[in-house]
Amino acid sequence: MQPACADLAIDVAHLAKSYGRIDAVSDVSLQIARGETFGFLGPNGAGKTTSVKMLLGLARPTGGGGTLLGRPLGDRRARAKVGYLPELFRYHDWMTAREELAFHAGLAGVPHADRAREIDGILDLVGLTRRANDRIGTYSKGMQQRVGIGVALLGSPEIVFLDEPTSALDPVGRRDVREMVRALKARGTSVFLNSHLLSEVEQTCDRVAIVDRGRIVAAGPLAEVVGGATGVRLRLGALDEAAFAVLRRYGSVAASGEWQTVAGVAREAVPALVRELAAGGVEIYAVEPLTATLEQRFMEVMDA
Amino acid sequence: MTVLSIASLTLHEMIRRRLILVAAILTVLVALLTGFAFHALATKLYHGQPLPHVQVLGIAAQLLTLVAYMFSLIFALGGAFVAAPALAGDVDTGLLLPVLTRPVRRVDIVLGKFLGLCAFLSVYAFACGLLEFAVVRATTGYWPPHPFVALGYLCGVAIVMVSVTMLFASRLSMVASGVAAVVLYGVAWIVGVASDIGASAHIQAMVDAGTISQLILPSDAFWRTAVYHLEPAALIARLHGNAPFMVAAPPPLPMLLWSFGWIVVVVAAACWSFATRDF
């Protein structure tokens, strides 16, 4: 069920953007609830970043329209409650991280009295407290991305756009970002996560949309987009022809030692399969329903 | 408030990037070198006698217009070199993207950068101009008739260049906008010289070309007005028409008014262009 309009952080219909004869985005419609963590996926050049720029008012749509936080796209009052980490992030290399955050706190309208406390809290959150007074130009790429995440979190935003937020981070940094996204969700902040790392999206997002050639080709709750079980793996005792016939009736069978993999079995059909095998006298030692990953589903959609 | 915040950021960047330090060191070096030359002029002996003081003052006045031209060239090119990266550079590198998603007006970003750059160039122009005048006075005793007015118009040259560069930078890349502004400046200057030659040779088309060039880019009008206020009345009286580095009469008042209005219009155009573009 779609959320009511007032509960929507993003509500856009048929967004399109053309540059001359090139259609960067053809048709993107999205409804994202407040507090929702949304994954936006697609191959390079699919129109993800252009879509994000239209949502943020950085680019004007040539078709369609909608609202961000209940206000028209590009509205200044909506931008007061938005955080953004661009894919190609760059910050003032002559400033310290603390100065960069203070500059953005001023632009974001964070009250003077709260700035020092908020900046200290964010520096701690992104793990830069120790280097807060060093020039950003002396930071590694990963540390600069942490500055960018900190900038995006300033001013208690109601929605945060993270465009490839872990592209420069090591595994520890990636884990930290996942935890940050969960913390944002816990405090009711919407997160729009644009990432090539499907495992990250899978671990953090409630809903996803897959965009290809400027159009959304699949969208919905993560479980729905990924689909249910696509098969079952069984560790069985000796099998006679009747038992094999039962397996083949449920799907295509591949054997590997004591393990039999039956592809194409819906999750709901697994108990019936097990009951039939048991009734036929087959010894069952293990049953493992196989779940498709987001990556598999993504590849299926792209191949289609 | 956003305008002041961006202007302050622009000034801080100039300081932190050591631009002001480098400019200060080079200005002192230039002052020392020119001071050496002016001192040589004042103490040079001809047939065992120093030049009469009146003659020294006359030569110093003419030499000072040459030095002023060098400074106007520095201010003009400096204006283009700082304005192009300030706007287009920040767009090219993506530095402005998170700034533009804040609740700020794009117009405020352009105005803030414009004011910051103008403040920097004006302080620089007055500081090095007054230093140079002081050196000339200390070595030759010459002091131009209207130094502050002249320096104000030299600032105008820099502000014209900042304005036109920001207009280009609102849409073009950093390199393209800087080069376009410098080319325009060079054309305006050489057409101005051609206009003077045309006036001497009574070729109206060349004079008209100069007027049109001043209407398109009024840097030359500011430069001529600045020089006029540096020249002593005795020198102006001896001039028979404008020369490349000397001016017999300043541009007419309507041209000056046009020049000031031109800055307002071009900055407004830069604001509009930046506010309506895609990123």
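A crossing of two helices is left-handed if the near helix is turned anticlockwise from the far one by less than a right angle, and right-handed if clockwise. Helices (H or I, at least four residues) and strands (E, at least two) are DSSP runs, numbered from the N terminus.

The model is predicted: local features need pLDDT of at least 70, side-chain atom pairs count only at pLDDT 80 or more, and totals for chains, interfaces and linings use all residues. Residues are numbered from 1 along each chain as its sequence is written, chains are lettered from A and ligands numbered from 1 in the order in which they are written, and side-chain values use heavy atoms, with hydrogens and water left out.

**Exercise 1.** Describe how α6(B) and α7(B) pack, giving angle, axis distance and handedness.

Solution. Axes are lines fitted to C-alpha atoms, for helices over the stretch in contact, and angles run from 0 to 180 degrees between N-to-C directions. Helix α6 (residues 147–169) of chain B meets α7(B) at an angle of about 135°, and the axes lie 8 Å apart. Angles under 35 degrees count as roughly parallel, over 145 as roughly antiparallel, 65 to 115 as roughly perpendicular and the rest as oblique; α6(B) and α7(B) are therefore oblique to each other. Their crossing is right-handed.

**Exercise 2.** Carry out the corresponding analysis for α3(A) and α5(A).

Solution. The axes of helix α3 (residues 97–108) and helix α5 (residues 141–153), both of chain A, come within 9 Å and cross at roughly 25°. That makes α3(A) roughly parallel to α5(A). The crossing of α3(A) and α5(A) is right-handed. On α3(A), the contact is made by A97(A), E100(A), L101(A) and H104(A); on α5(A), by V147(A), G150(A) and V151(A). These residues of α3(A) and α5(A) divide into four nonpolar, two polar and one charged.

**Exercise 3.** Is S195(B) buried or exposed, and which residues does S195(B) touch?

Solution. S195(B) belongs to helix α7 (residues 174–200) of chain B. Buried means under 20% relative accessible area, exposed over 50%, and partly exposed in between (1.4 Å probe, protein chains only). Because its relative accessible area is 11%, S195(B) is buried. Leaving aside residues up to four places away in sequence, S195(B) touches M206(B), V207(B) and G210(B).

**Exercise 4.** Locate R213(A) and H47(B), and state the phi and exposure of each.

Solution. Most residues other than glycine have a negative phi. R213(A), in the loop between β9 (207–212) and β10 (215–221) of chain A, has a positive phi near 50°. R213(A) is exposed because its relative accessible area is 66%. H47(B) lies in the loop between β1 (45–46) and β2 (49–50) of chain B, and its phi is also positive, near 50°. At 84% relative accessibility, H47(B) counts as exposed.

Terms used
Contact = heavy atoms within 4.5 Å. Nonpolar A, V, L, I, M, F, W, Y, C, P; charged D, E, K, R; others polar.
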